[in-house]
Amino acid sequence: MAEESRADLVAAEDVLLFVNAAITATGQREFHSGAGAQRLSLDFLHEYVRVNYRTVYAAALALDINDHNAALIVRHLLVSADEASADDKRVEGRLIAARLAALPPQRVYRLMRALRAAKVNNRRTRAIFRDWLGARPDLGFDAVKYRAGLKSAARHVHLPFADAELGDFLFRPGRRPHYAHPLLDAHRRAHYEQGALYELPFTVAEGFAARHGVARETFLKRVAPRATRLERLRFQGRAGAPAADLAGLPLTRLALFVLSLAPGERAARRAELTDALRAAALRAAGPHARSWGRVAAVLDDSYSSAGSGVKRRRPLAVALACHFLLEALAGAGAYRGWWTSGATDALLVRPRGATPLGSRLLDALEEGPERVVVVSDGWDNAPPGLAGEVLRVWRTRLDPGLRTRVVHLNPVYDADGFDVRRLAPSVPTAGIRDAEDLPALVEIAAFAEGRTGLAELSTYLDRRTADFVASVR
Amino acid sequence: MTALDLTGLSAGPAQVWGGIRLVPLLRAEPVAGLRLHREAYGSGDFATEDVRLNDGAHYTSYIPHGFVADWSGEGTAAAYGTSLGGAAPAGRVALHRMAKRRPGDRLRFLPLHLALEGYLALHFGGPSTLWDTWSREALRSGLSPRVESAYLGADVPGLADALRVFEIHPRQCGVLVYAADALGAAFAVPHPDDYRALHATLLQDLFGELIHQYALFGRPAAEFTARIEDRHVRGTGDLRAAVRAQERAWRAAHDTVMAAELYATSYAFSRVYRMGGFDLWRFLPPFERGGAAQHIGEAITDRRGRVAYLKTFRLSENQVRRGHLLRSLAAHDWHLGRCAQALGTRPEELTRRIRDAGFASLLRERG
């Protein structure tokens, strides 16, 4: 019995570790480790979990893991289909279909190309992707925007094109004098007619604009209605680009945008930005708003929260988004955020200085809140290990009755540890990618406290799987 | 003046990356009236520069940059790589002196080279008393040419990464660089903004052979993590006191154990330049044998002798040996017999040591 429970404990730990990794790791360079190390570490973890806990590996697709890992999981599941039983395959198939529907199309096309390179082309794979392609709202749009992707996908899954027009567009360009589909025809005309390029999606129009030598300013002004919301956000502030609409943006994305502005501009647009952040936070909090009582947060704005060149200011943006989200979750006026640098104005934070997490934690705990949320990459260095000691002493000496619940959310995957870095063994740690997932993550983190076993974890995963599959059907 | 007065600079919590430990030096407030700027030379192609010394000798070395000390009190800090108003634009500048006055209250000097030149020129003229053991060559040109080699910071394994991920403290004015917990270099400036701009220049500094080897072969250094004695903690006040005690304990341990060689050694200082209330010095260690770490360096001190700027270089064992040998010979008027007696050895053994140290050309060939 004891043996069994220990195995259970290890299994539960492995599962949580994988979930943390799948939420945070993107195989890109981080502040402390390079892209190569990240990818190598992540590949190992995927293989380890796939071989040992295949059902859990598939069930992870139902959680809030990031798109990079979702695509990886789908790929690994399809590559190693022969390891699964028929029943497993049925569940996997449903999960894969549900996840593919939620993935951005460019990710799916990239995934199909990876499967093609791996020479995975069985009936099941073809069926899965044929279903996905069949569910696309407009293949004509995909043919223009993801031309190479759709072309290779069509070849790979043996897609019979119902309308010959699309087939001609992809495989026999220049054959038809004109197309009935307006986008396909605009693409044809854009080769020689400048006006036509403004009917195309932004990324495609950009190429044609360069070919026609259209001035960037004119181009940005006229193409704005065709650009997606994120594309508009990216070109915000450039000459000719119209102001982006901040309403309705996801919270973390908005925080990233705010941090991309210079401090002077942030101060000048304080009211607008704060309102937008508050509104996004309320939307993200949803039914949980104002239900968490007294909350304190320790937020990391040390130099390492600058992230890397490819994930610029991501950890800091997550901290900023959590700041506003926790404000919305806590009771009115019952929230206080402690930045490690000592900053008091959240809107003007910037990644600078060392990480004195220990002293900030002490500041936060002193006020006696019901919940303390730490958002940090876990590199506690002023002095090293103090945060862990403060938490240990707090738990063992000052608050053995668990009046205060502490949870640590970490936005950075530590390639060497195959997990996110922890502050103390007694404090549950969860990976976080988007602040919007915070309530769900706090739920998962509770499993890491050791009070819940594998059985409960499996129940939880089953429930999430059922919800997820049902949400797509 | 015989010791470094580091009052005002206190050690902060160390940050470890692989075998490199960086200990920040913090100032409660910046030194008033002195700022440092950097002047970049060369195009990064590791070309060597020629510096003319006072007595007609030449000094050739890789010199990436010079520092400009500004005690005019205007307090404008130049950003990394920009030129000061009115000064010549950064680029290849003819270097006439180790330290050269610039228009206004400014002095340009070559960091670390000032110290190295002091070491290289140690008894440079050769034997001062004409004993028949010395060769004619030695009497004519002394120790010329005198050559020492060092490693570029960028070539010290792990140092670049350690500096990249290092989180600079808000009040940080300096850093101590350890490789496998051997102190390799100390660097301190008057103002936190200067430090922020000059942090990366440590990569272009010179490091001794020992540091390079320790960094290459050493195991990752252990982090000194905080430990709180929880038996007497009854409330958050106690916990906070325990945290403060931890910080004090680390500082004391660092200053008395890890950096003792820097703080406690007595140095031979020689003044290079007087600038207003500040003095530019270079210093040499006592060249004691027996394994103790020895640093050469340069410092700017204020009126009360407190260090405003500091840069040191750890000599390798061989370099200490050479310094020791030259010191001993000079102390005994270059008489081999007397010197050997003082060192507790025989003249034959001493000549062997002189040869091994690379000073063979000083000795007359017998037979």
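Setting aside its neighbours within four places in sequence, A:F129 is in contact with A:L78, A:L100, A:V108, A:L111, A:M112, A:L115 and A:V157 (contact here means heavy atoms within 4.5 Å). The model is a predicted one, so local features were taken up only at pLDDT of at least 70 and side-chain atom pairs only at pLDDT 80 or more, while totals for chains, interfaces and linings use all residues. Residues are numbered from 1 along each chain as its sequence is written, chains are lettered from A and ligands numbered from 1 in the order in which they are written, and side-chain values rest on heavy atoms, with hydrogens and water left out.

A:F129 turns up again in the largest nonpolar core, which has 135 residues; A:L100, A:F129, A:L200, A:F219, A:L320, A:L326 and A:L438 are the ones that touch the most other members. Helix α18 (residues 314-329) of chain A gives the most to this core, namely 12 residues. Another core lies apart from that one, with 58 residues that include B:L53, B:A115, B:L159 and B:M275. For the record, a nonpolar core is a set of buried Ala, Val, Leu, Ile, Met, Phe, Trp, Tyr and Cys residues joined through side-chain atoms within 4.5 Å. Buried stands for under 20% relative accessible area, exposed for over 50%, and partly exposed for anything in between (1.4 Å probe, protein chains only). Helices (H or I, at least four residues) and strands (E, at least two) are DSSP runs, numbered from the N terminus.

Next come the aromatic rings. Searching the whole structure gives 24 aromatic pairs over all chains; rings of Phe, Tyr and Trp (its six-membered ring) pair if their centres lie within 6.5 Å, and planes under 30 degrees apart count as stacked, over 60 as edge-to-face and the rest as tilted. One of these is A:Y109 with A:W132: the ring centres are 5.4 Å apart and the planes stand at 80 degrees, so the pair is edge-to-face. Since A:Y109 lies in helix α6 (residues 105-117) of chain A and A:W132 in helix α7 (residues 123-135) of chain A, the pair ties together parts that are 23 residues apart in sequence. Both partners are tucked away: A:Y109 is buried at 2% relative accessibility, and A:W132 is buried with a relative accessible area of 8%.

Over in chain B, ring pairs link B:F67, B:F109, B:F187, B:Y195 and B:Y309 into a cluster. The ring of B:F187 also has a charge over it, as the charged end of B:K311 sits 3.9 Å from its centre. In chain A, the charged end of A:R147 is placed over the ring of A:F169, at 4.7 Å from the ring's centre. A charge sits over a ring if NZ of Lys or CZ of Arg is within 6 Å of the ring centre and within 35 degrees of the ring normal.

Now to the strands. Four of the five residues of strand β3 (residues 371-375) of chain A are buried, so this strand is largely enclosed by the rest of the structure. β3(A) is joined by five bridges to strand β1 (residues 295-299) of chain A, and the two run parallel; A:V298 has A:V374 as its bridge partner in β3(A). Another five bridges join β3(A) to strand β4 (residues 405-410) of chain A, again in a parallel arrangement, with A:V407 in β4(A) as the bridge partner of A:V373. Two strands pair if DSSP finds at least two bridges between them. β3(A), helix α20 (residues 386-398) of chain A and β4(A) make up a right-handed β-α-β unit (right-handed if, with the strands pointing away from the viewer, the path from the first strand over the helix to the second runs clockwise).

Most residues other than glycine have a negative phi, and most peptide bonds are trans. In the loop between β3 and α20 of chain A sits A:P383, and the peptide bond joining A:A382 and A:P383 is cis, with omega about -10 degrees. The loop between α8 (317-331) and α9 (336-343) of chain B holds B:D333, which has a positive phi of about 55 degrees without being a glycine. B:W334, in the loop between α8 and α9 of chain B, is not a glycine either and has a positive phi of about 60 degrees. B:D333 is partly exposed at 39% relative accessibility, whereas B:W334 is buried at 2%.
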